[in-house]
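These are my notebook entries on one protein model. I went through a few loops first, then helix packing, then the chain as a whole.

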Amino acid sequence: MGKKTTMKASDGVSVDESLYVDESVTSAAAMAKKKKKSKKGAKSSQATPPVSPEGSDSMRDEEFDDNESEKAVKAALIPWYKNKRYGLAACLVCFAALLAGAALAFLMGWITDDDSNSGNSSSSSSSNGGNVDVAMFPSSAPSTSEPTTTPSFSPTPLASSNPTDDPSVSPTHAPTMVPSSSPTESPSDSPTQSPIAGTQSPTSTPSDSPTSAPTKAPTDVVYEQFSFYVMGDTPYGQQQGFLLLEQLDELYETYEDALARFTVHVGDFQLPDRSFCAESFYQTFWNYLLNGPLPTFVLAGDNDWFDCPSQQQGINRFLQYFTGTSVDQGGFESEWVIENPLPFEVTRDYANNRPELFYFEYQNVLFFSINILQAAHSRMNRNVDWITEHMERAFESMGASEIRAVIIFGHGNRSPNNRFFFEEIANDIFLETSTLRSIPVVYLHGDGHRWNVDRRLAEQIGWTSQWDITVDRGGAAPPVLVEIAPVIGDALVPFQQENEFQLVIADGLIRIDRQGGRYPV
């Protein structure tokens, strides 16, 4: 090891040179220190900063120009990597090592390539008589084992001229990027007529029993499913008015899922002995119904005009608010024409001054309203003609066999005073032919205040496809939900009874739910 030398200035400042020298130059270094002390004596009053072990050229010329031993010290103090002779020798050694490595790599690659070509050459000569250039037309297929770690120095420029006669038993699952240089000489006996879209992982072998024809398109919906709500005999007083508002608000939660199209109120929205049929009651009820989500039809009950102090004043006010007096004005149902318009046209009997009578057809189901009470009155004389006229038009436009059902809305219970209406439409229309006998006819009404299904008239006159149904009053139950089943293709998709509150009739075509589809826990 070398010795650590320390230089001290005459003013007491210690300078650590931190360098190591050989033992052979220690005496020369001591002599140099004495000479340096004698020269520094004249400058003892000045502090000397640390000096680099190498020093500057001027300092070396002044201190070591006369002494060869001092030159030896100087040379010893220079690191080897700054010595020009040593640096040049190191560069030559590195360059020679690089040349040797390159030569060795080239030799190894040539030997490997020569061995590979010699094997291919012998194989090609045996199969082709030794006349085929192996480099241009190699006969052997690429190895199916692990690929080489380095690319070939002489890759095959062209595909094989002798492809195999038999297809692979394990075809690739993805197409090649470059078309084949040797296409199939015989085309397929059953080529694909159109490309298959969306196949993610095709099978490796074709099916033994392919589909002879594509799947047919989904069957069309001939008649859509839809529904409507029916309520009546409400509100009788302010408390029932608030309940009606709650019921209408609840319809917003169910009507879309139920595919509901409209609502019908079958009459009696006041107690005339308390309201005296004042106009304010008609206006209040009008405002109540506007809170509902669906276009609403309103029928005239006996409380709304017949039992009023003035029948004429009562019917006039009813027509003013709920039917309109002309085609241009329209009925109350037109108030929803912007936010939720009806999907059909409504016809009212304005020509005969009976605008409370309406008719429309939807999905080949015919809908009528009539002005019927338990008591006899002059406005009921138009009911039979109204039904007859539109039934005859329906026979002409769509044919009797295409009428799926007939729904009649009224207010009054059947009574001796109105029985003739049901008997006349039965005998004059619905009992004439077997086709007409099969049309379901449902009379939906209020007045009785309690749910009831009456088949007595149907049994008495042999009208087996007729149902007389009384809906619950609004103060006791929510609006009734009436559903009409769809027809898909050539078949009806019938409803099933799901609970005790439901009535399914007409072979599943119609389902009537007393709870309106709502079943509180």
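I looked up what Gly 475 touches: leaving out residues up to four places away in sequence, the list is Thr 234, Gln 240 and Leu 243. I take contact as heavy atoms within 4.5 Å. The model is a predicted one, in which local features need pLDDT of at least 70, side-chain atom pairs count only at pLDDT 80 or more, and totals for chains, interfaces and linings use all residues. Residues are numbered from 1 along each chain as its sequence is written, and side-chain values use heavy atoms, with hydrogens and water left out.

I placed Gly 475 in the loop between strand E13 (466-470) and strand E14 (480-484). Helices (H or I, at least four residues) and strands (E, at least two) are DSSP runs, numbered from the N terminus. I also checked the spacing to Gln 239: the two residues are 236 apart in sequence, and their C-alpha atoms are 9.1 Å apart. Gly 475 has a relative accessible area of 26%, so I noted it as partly exposed. The scale is buried for under 20% relative accessible area, exposed for over 50%, and partly exposed in between (1.4 Å probe, protein chains only).

I found Asn 303 in the loop between strand E6 (296-298) and helix H8 (311-322). Its relative accessible area is 10%, so Asn 303 is buried. A polar atom of the Asn 303 side chain lies 3.0 Å from the backbone oxygen of Gln 270. Gln 270 is also among the residues in contact with Asn 303 beyond four places in sequence, along with Tyr 236, Asp 268, Leu 271, Pro 272, Cys 277 and Cys 308.

Is Arg 382 buried or exposed? I read a relative accessible area of 11%, so Arg 382 is buried. This residue lies in the loop between strand E9 (365-369) and helix H9 (383-397). The side chains of Arg 382 and Glu 389 make a polar contact at 3.1 Å. A polar contact is a pair of N or O atoms within 3.5 Å; within protein, one must be able to donate a hydrogen and the other to accept it, and residues adjacent in sequence count only if both atoms are side-chain atoms. Setting aside neighbours within four places, I listed Asp 349, Asn 352, Arg 354, Leu 357 and Glu 389 in contact with Arg 382.

I noted a packing angle of about 25 degrees and axes 9 Å apart. Axes are lines fitted to C-alpha atoms, for helices over the stretch in contact, and angles run from 0 to 180 degrees between N-to-C directions. H5 is therefore roughly parallel to H7, a label for angles under 35 degrees. On the H5 side I listed Gly 241, Leu 244, Leu 245 and Leu 248, which meet Phe 285, Tyr 288 and Leu 289 in H7.

I recorded 12 helices and 18 strands for the protein chain. Of its 521 residues, 37% count as buried. Of the contacts with a separation of 6 or more, 70% join residues 24 or more positions apart.

Technical notes:
Parallel < 35°, antiparallel > 145°, perpendicular 65-115°, else oblique.
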